Amino acid sequence: MKGIKFLSKTAAALAVSGALLAGCATTDNGDDGTNAGSGDEVTVDVFQFKVEFKDQFESLVEKYEEENPGVNINVKTVGGGNDYAASLKSAFSSGDEPDIFNIGGPSEIDDYRDSLADLSDTKAAEAALEGTLAGVTDGDEILGLPFNQEGYGLLYNKAIFEEAGINADEITTYEDLQSAVETLDSKKGELGIEAPFALAAKETWVLGNHLSNAFLAPEFDQSLLNAYNSDTVSFEKGDEMKRFLDLQNEYSVQPTNSLDYSQQVEELFSLGKVAMIQQGNWVYNTVYEMDPELAENNVGIIPIPVEGFEGKIPVGVPNNWMVNKNSDEDVVEASKDFLDWMYTSETGKQMVLEEFKFIPAYEGYDTSKIADPISQEIYEYASEGNTLGWVFMGTPVAWNEEVVGINMQKYISGEMTWDELEQDAINKWEESRQ
Amino acid sequence: MKNRDFTFWLFLTPVILGLSLVVVIPFIYGLFYSFTDWNGIKATTFLGFENYIKLFQDEEFRAALWFTIKFSVASVILLNILGLILALLVTRKLKSSNFLRTIFFMPNLIGGLILGFIWQFIFVSVFDDIGTALGIEALSGWLSTTNTGFWGLVILTCWQMAGYIMIIYIAYLQNIPNELIEASQIDGASSWQRFRNITFPLVAPAFTISMFLTLSTSFKIYDQNLSLTNGGPYNSTQMVAMEIVKTAFNENQMAFAQAKGVIFFLIVAVIAITQVYYNKKREVDM
């Protein structure tokens with residue numbers, strides 16, 4: 001009897017531990033599939049961050065698989081921003097490396113340099129618009145393909161401007177903007193607005209990335225690579241940055257330090273309670289959900305006034321597709337072919353424009369089909385070359401948000417003077433570039 | 001010791017295996033990485049205690065630690081007072097006492113992240129509207145200054161955890177022998193004297209438990225902090241857990257953040273061990 005009892009106990013214990021280990025075992029299977037590459041089937045693992053277009057992207061992948069029966073593409077999507085960066089790191093350190101993945105800027109490229117394949121022989125790299133490859137070029141090699149383009153400026157409500165008798169096309173210099181803002185402020189009651197601006201100062205990216213970028217870009221000659229290679233920053237246009245921040249802050253709904261993105265876009269701008277916000281084309285869907293009429297017909301963009309660069313809009317590439325060099329050769333080829341197909345085939349182009357609603361970073365698109373008017377307008381600026389660079393992609397890691405953004409919040413609260421802000425930002429930059 | 005034979009260990013295997021895979025081994029890894037320049041992908045140099053030395057000079061970490069301590073002290077005191085008051089309220093022979101217990105406990109069942117967003121709306125919009133309507137200026141601009149951010153967090157935590165602390169006090173309040181109360185009533189003690197001299201000393205053990213429980217919870221708060229203030233304005237309402245996450249994932253200093261994590265672990269461990277020690281001691285006394 002004792003023997004039987006013992007056996008059943010052992011069996012039970014083994015079953016439980018077996019079940020536990022089985023959970024660990026399954027995660028390895030995907031990897032084996034990739035590396036085997038046996039027969040005609042090629043499996044490409046895509047690891048991407050853009051949750052917003054997951055469904056559309058997967059349907060694009062399906063279409064590709066129909067056209068290319070030998071290729072099997074697995075898409076894994078992990079939520080935006082920091083979660084993605086962390087998951088990508090753990091994927092690499094656990095050895096379960098994806099074949100196609102996303103990278104933002106040069107500092108991340110440094111981290112993954114040994115894994116990045118040269119994509120300069122792809123059709124997509126050839127078709128990429130001038131400047132969109134700047135952040136991913138290393139010598140002769142092109143290490144990534146841009147997702148899309150994005151741009152920002154002062155989004156304004158056309159109806160409110162019209163009612164106030166302001167012609168937005170005439171606003172080019174800071175003085176023009178200032179007088180427009182003063183007009184708006186004096187007619188607050190008639191226009192039914194709370195304030196001319198809503199400054200989302202709670203979001204450090206609004207201050208640290210976007211606001212500061214417009215005034216930092218000229219000193220790095222609009223190039224994020226110059227910013228990436230620079231040992232210091234001098235705030236040449238610091239005074240202009242200060243007065244632009246002051247203007248937005250003074251004429252904003254108060255208190256700005258607790259005003260966040262959703263309040264700014266949903267509550268205040270979409271409902272017509274403010275006339276202007278400093279944002280970009282990504283707000284379109286949110287505004288559309290609140291008020292389709294406003295989003296489709298009544299939002300325009302005014303360039304941020306930077307002396308010597310009037311009428312230019314900061315446009316940049318938020319993210320890139322990278323191919324893993326260490327995957328099997330046929331997997332690398334298949335990955336390149338898939339990216340080419342997505343951005344240069346007719347089906348792919350149509351999806352990119354109409355389903356992804358991207359501002360294309362490539363030539364050969366029927367740009368009249370760009371889905372929303374804000375993007376359309378930004379694309380026009382971009383194609384005419386009226387752009388400023390996105391140098392915040394090349395600044396020291398977290399410098400824009402954690403140093404400039406945070407210090408601007410301190411400045412707004414009166415905890416820090418502007419000179420202290422600049423000095424601290426310069427010191428922190430130099431420290432991290434030593 | 002009799003039953004610690006082969007089967008004993010065999011049955012323990014799944015748990016030990018699970019625990020070491022997800023807790024012990026990663027912890028040892030983490031400890032090791034905190035002495036290197038690990039960037040999340042690879043570690044190239046062994047730095048010794050450099051990260052730890054840097055950590056004590058890091059102003060942001062010290063500010064976050066100080067803020068967390070202040071927050072913990074305020075919320076521990078308020079939580080216990082509030083929990084005890086609620087417990088006294090629902091242990092009176094009220095008809096609605098069961099209903100009230102459920103209501104008071106309910107906030108505890110809502111996730112901290114959602115609570116944070118709900119209270120953000122209350123502090124920023126509702127407070128402001130009430131303030132404007134009644135002409136009370138102190139109700140405007142909440143969460144835009146360090147002070148209001150601090151009290152916002154304290155209020156949120158108290159609202160969420162008071163029900164839980166209430167449960168602990170109820171358990172002790174109900175264990176107070178009726179004879180003692182009756183005897184004191186016969187002796188003519190007022191209700192304050194009864195509370196002061198009978199109820200309070202007898203629920204004192206509950207205070208120890210609640211204190212350490214609230215202390216270690218307030219130290220570890222992250223989600224409420226993230227959704228309510230996200231550290232703002234200017235990172236002045238940022239608690240330790242959040243500061244560590246930022247160092248690791250925003251600033252990409254994985255090894256440095258790991259060192260902060262180890263220090264944070266030590267602090268929480270000391271609190272937790274003291275709690276266990278005191279509770280054990282009391283159990284023996286009783």
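1. Ala398(A) counts as buried, with 22 C-beta neighbours inside 10 Å. In this predicted model, the phi of Ala398(A) is near 65 degrees, a positive value in a residue other than glycine. Ala398(A) is found in the loop between strand S13 (387–388) and helix H18 of chain A.

2. Asn230(B), which is not a glycine, has a phi of about 50 degrees. Its place is in the loop between helix H9 (223–228) and helix H10 (240–250) of chain B. Is Asn230(B) buried or exposed? Asn230(B) is buried, because 20 other C-beta atoms lie within 10 Å, and the cut-off for that class is 20 or more.

3. Chain A also holds a cis peptide bond, which runs from Gln254(A) to Pro255(A) and has an omega near -15 degrees. Most peptide bonds are trans. Pro255(A) is found in the loop that links helix H11 (238–250) to helix H12 (261–269) of chain A.

4. Strand S11 (residues 313–316) of chain A presents Ile313(A) and Val315(A) on one side and Pro314(A) and Gly316(A) on the other, and all are buried. In a regular strand the side chains alternate between the two faces of the sheet.

5. S11(A) has pairing partners of both senses. With strand S7 (residues 150–157) of chain A, S11(A) pairs in the antiparallel sense over two bridges; here Val315(A) is the bridge partner of Gly151(A). With S13(A), S11(A) runs parallel, and two bridges join them. In that pairing, Ile313(A) stands opposite Thr387(A).

6. The domain assignment of chain A gives domain 1 as 38–149 + 318–364 and domain 2 as 150–316 + 376–432. Their C-alpha centres lie 30 Å apart.

7. The contact between the chains takes 27 residues from chain A and 23 residues from chain B. On the side of chain A that touches chain B, helix H1 (2–36), helix H3 (82–93) and helix H18 (399–413) each supply at least two residues. H1(A) gives the most, with seven residues. By class, this side of chain A has 11 nonpolar, eight polar and eight charged residues.

8. Chain B contains 11 helices and zero strands. The C-alpha trace of chain B spans about 75 × 70 × 30 Å along its principal axes. Of its 286 residues, 33% count as buried. Among the contacts in chain B with a separation of 6 or more, 72% are between residues 24 or more positions apart.

9. For chain B, an unreviewed UniProt entry lists residues 65–275 as "domain: ABC transmembrane type-1". In the model, this span is 79% helix and 0% strand, and its end C-alpha atoms lie 21 Å apart.

Note on methods: Residues numbered from 1 in each chain as written. Chains lettered and ligands numbered in written order. Predicted model: local features only at pLDDT ≥ 70, side-chain atom pairs only at ≥ 80, totals over all residues. Contact = placed C-beta atoms within 7 Å. Helix = DSSP H or I, 4+ residues; strand = E, 2+ residues; numbered from the N terminus. Nonpolar A, V, L, I, M, F, W, Y, C, P; charged D, E, K, R; others polar. Domains from an automatic or database assignment. Buried ≥ 20, exposed ≤ 12 C-beta atoms within 10 Å, placed from the backbone. UniProt positions renumbered as here; feature names shortened; annotations may be inferred. Pairing = 2+ DSSP bridges.
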